[in-house]
Amino acid sequence: MSDCIFCKIAQGEIPSKTIYEDEKFRVILDLAPVTKGHALILPKKHAINLFELSDETAAEAIVLAKKIAGKMREKLKCDGLNLLQNNGETAGQTIHHFHIHVIPRYEGDGQELGWVPNEATQEELEMVRKEITE
């Protein structure tokens, strides 16, 4: 897409702090990092979100996330790691180009990934299970 900033970054039209690149992906450091090493995995082919992504690209993206995460653990000595991928504005997606956040986590980094867990009865869970599977 000609007006997609992540397409332009992925294609190298806009400079970035690239930490990995191949024919299908560019991995860049986030300009507003949550922690040291926060990176974004960007497919070079535009897809708005997970639902537009081909199965092949989705599989390759998660394999690449594992590779990048391993490198971060080795080089940055992070204590943990979050993979985050948002779909739709309600879920926090602000740029409509599929991407995966790779966020190294450090003891005491002050960051929280959060949601408020609810409780569900076994009956409620069964109703939802049926709704999804039928």
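Helices and strands here are DSSP runs, numbered from the N terminus. With that in hand, the loop between α2 and β4 can be located, and K77 lies in this loop. The model is a predicted one, and K77 has a positive phi of about 55° although it is not a glycine. Most residues other than glycine have a negative phi. K77 has a relative accessible area of 60% and therefore counts as exposed, the cut-off being over 50%.

The protein chain contains 3 helices and 5 strands, and from the N terminus on its elements follow the order α-β-β-β-α-β-β-α. Along its principal axes, the C-alpha trace spans about 50 × 40 × 25 Å. Of the 134 residues in the chain, 32% are buried.

Helix α2 comes up several times in this structure. K66 is found in this helix and is exposed, with a relative accessible area of 67%. Along the chain K66 and V102 are 36 residues apart, while their C-alpha atoms are separated by 9.3 Å. I62 also has its place in α2; its relative accessibility is 47%, so it counts as partly exposed.

Side chains of opposite charge can pair when their charged atoms come close. The structure holds 7 salt bridges. One of them joins E60 and K24, whose closest N and O atoms are 3.0 Å apart. Because E60 lies in helix α2 and K24 in the loop between β1 (18-21) and β2, this pair ties together parts that are 36 residues apart in sequence. Both partners are partly exposed, E60 with a relative accessible area of 26% and K24 at 32% relative accessibility.

Another salt bridge brings together the side chains of E21 and R26, at 2.9 Å from N to O.

What distance from N to O is found where the side chains of R129 and E126 meet in a salt bridge? The value is 2.7 Å. R129 and E126 are 3 residues apart in helix α3, which means that about one helical turn separates them. An α-helix has 3.6 residues a turn, so residues three or four places apart point the same way. R129 is partly exposed, with a relative accessible area of 43%, and E126 is partly exposed too, with 32%. As for α3 as a whole, the number of buried residues among its 12 is 0, so the helix lies largely in the open. The length of α3 (residues 122-133) can be checked as well: at 1.5 Å a residue it should span 16 Å, and its end C-alpha atoms are 16 Å apart, which agrees.

Finally, the largest pocket has a volume of about 310 Å³. Its lining consists of 19 residues, and F6, I9, I28, L31 and L40 lie nearest its centre. The elements that give two or more residues to this lining are α1 (5-10) and β2 (25-29). With 3 residues, α1 gives the most.

Key
Residues are numbered from 1 along each chain as its sequence is written. This is a predicted model: local features need pLDDT of at least 70, side-chain atom pairs count only at pLDDT 80 or more; totals for chains, interfaces and linings use all residues. Side-chain values use heavy atoms; hydrogens and water are left out. Helices (H or I, at least four residues) and strands (E, at least two) are DSSP runs, numbered from the N terminus. Buried means under 20% relative accessible area, exposed over 50%, partly exposed in between (1.4 Å probe, protein chains only). The expected span of a helix is 1.5 Å times one less than its number of residues. On a 1 Å grid over the protein atoms alone, a cavity is a set of points where a 1.4 Å probe fits but cannot get out, and a pocket is an open set with protein on both sides within 12 Å along at least five of seven lines; lining residues have an atom within 4 Å of a point. Grid points are joined across faces, edges and corners, and a volume is the space filled by probe spheres set on the points. A salt bridge is a side-chain nitrogen of Lys or Arg within 4 Å of a carboxyl oxygen of Asp or Glu.
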